[in-house]
Amino acid sequence: GAVSLNVTAVGPSAPGFLTVYPCGQPRPNASNLNFTAGQIVPNAVFTGVGTGGKVCVFSQQTTDVVVDLNAWTPAN
């Protein structure tokens, strides 16, 4: 399956990025959201669902992350 998410970085410690991807798969070499220190930055993300129905979030810098689920589509 796949999910539509709203992902927000809140108060990052330094410039960086977030990458959202299916858990259990290699992290892609692309970002879903870029930020600078202290910002609150949202972005819409569409990604597959991985192992155990989970989605992983990688952050290059220390930041709080808020993830809201907008929609889910089952696997065919």
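Predicted model: local features only at pLDDT ≥ 70, side-chain atom pairs only at ≥ 80, totals over all residues.

Start with strand S2: six of its seven residues are buried, so S2 is largely enclosed by the rest of the structure. Buried here means under 20% relative accessible area, exposed means over 50%, and partly exposed is in between, with a 1.4 Å probe and protein chains only. Strands are DSSP runs of E with at least two residues, numbered from the N terminus.

Before going further, the provenance. Residues are numbered from 1 along each chain as its sequence is written, and side-chain values use heavy atoms, with hydrogens and water left out.

Back to S2. Phe 17 lies in this strand, and at 21% relative accessibility Phe 17 counts as partly exposed.

What does S2 pair with? S2 belongs to an open sheet of three strands in the order S3-S2-S5, and the pairing is antiparallel. Two strands count as paired if DSSP finds at least two bridges between them. S3 and S5 stand at the edges with a single partner strand each, so one side of each has no neighbour in the sheet. From one strand to the next, the twist averages 20°. That angle is taken between axes, which are lines fitted to C-alpha atoms, for helices over the stretch in contact; angles run from 0 to 180 degrees between N-to-C directions.

Now the two pairings in that sheet. S2 and S3 run antiparallel and are joined by three bridges. Gly 16 stands opposite Phe 35 in S3. The bridge partner of Phe 17 in S3 is Asn 34. Phe 17 and Asn 34 are 17 residues apart in sequence, while their C-alpha atoms are 4.3 Å apart in space.

On the S5 side, five bridges join S2 to S5, again antiparallel. Val 20 has Val 57 as its bridge partner in S5.

S5 has two further residues to look at. Val 57, which sits in strand S5, counts as partly exposed at 38% relative accessibility. Phe 58 is also found in strand S5, and at 28% relative accessibility Phe 58 counts as partly exposed.

Which residues form the nonpolar patch with Val 57? Val 65 and Val 67 do, and together the three have about 200 Å² of accessible area. Patches are made of residues with over 30% relative accessible area and no salt bridge; like charges are joined within 9 Å, and nonpolar side chains (Val, Leu, Ile, Met, Phe, Trp, Tyr) within 5 Å. A salt bridge is a side-chain nitrogen of Lys or Arg within 4 Å of a carboxyl oxygen of Asp or Glu. The areas come from the Shrake-Rupley method with a 1.4 Å probe, and for residues only the protein chains shown count as cover.

S4, S1 and S6 form an open sheet in the order S4-S1-S6, with antiparallel pairing. Its edge strands are S4 (40–48) and S6 (64–73), each pairing on one side only. The twist averages 20° from one strand to the next.

Strand S1 covers residues 2–10 and pairs with S6 in the antiparallel sense over nine bridges. Within S6, Thr 73 is the bridge partner of Ala 2. S1 and S4 also pair in the antiparallel sense, over nine bridges. Val 7 has Asn 43 as its bridge partner in S4.

Last, the disulfide. How many disulfides does the structure hold? It holds one. Cys 23 and Cys 56 form the disulfide, with their sulfur atoms 2.0 Å apart; the criterion is a pair of cysteine sulfur atoms within 2.5 Å. The link of Cys 23 and Cys 56 is right-handed, with 115° about the S-S bond. Cys 23 lies in the loop between S2 (16–22) and S3 (33–35), and Cys 56 lies in S5 (residues 55–59), so the pair ties together parts that are 33 residues apart in sequence. Cys 23 counts as buried at 11% relative accessibility, whereas Cys 56 counts as partly exposed at 22%.

Conventions: Helix = DSSP H or I, 4+ residues; strand = E, 2+ residues; numbered from the N terminus.
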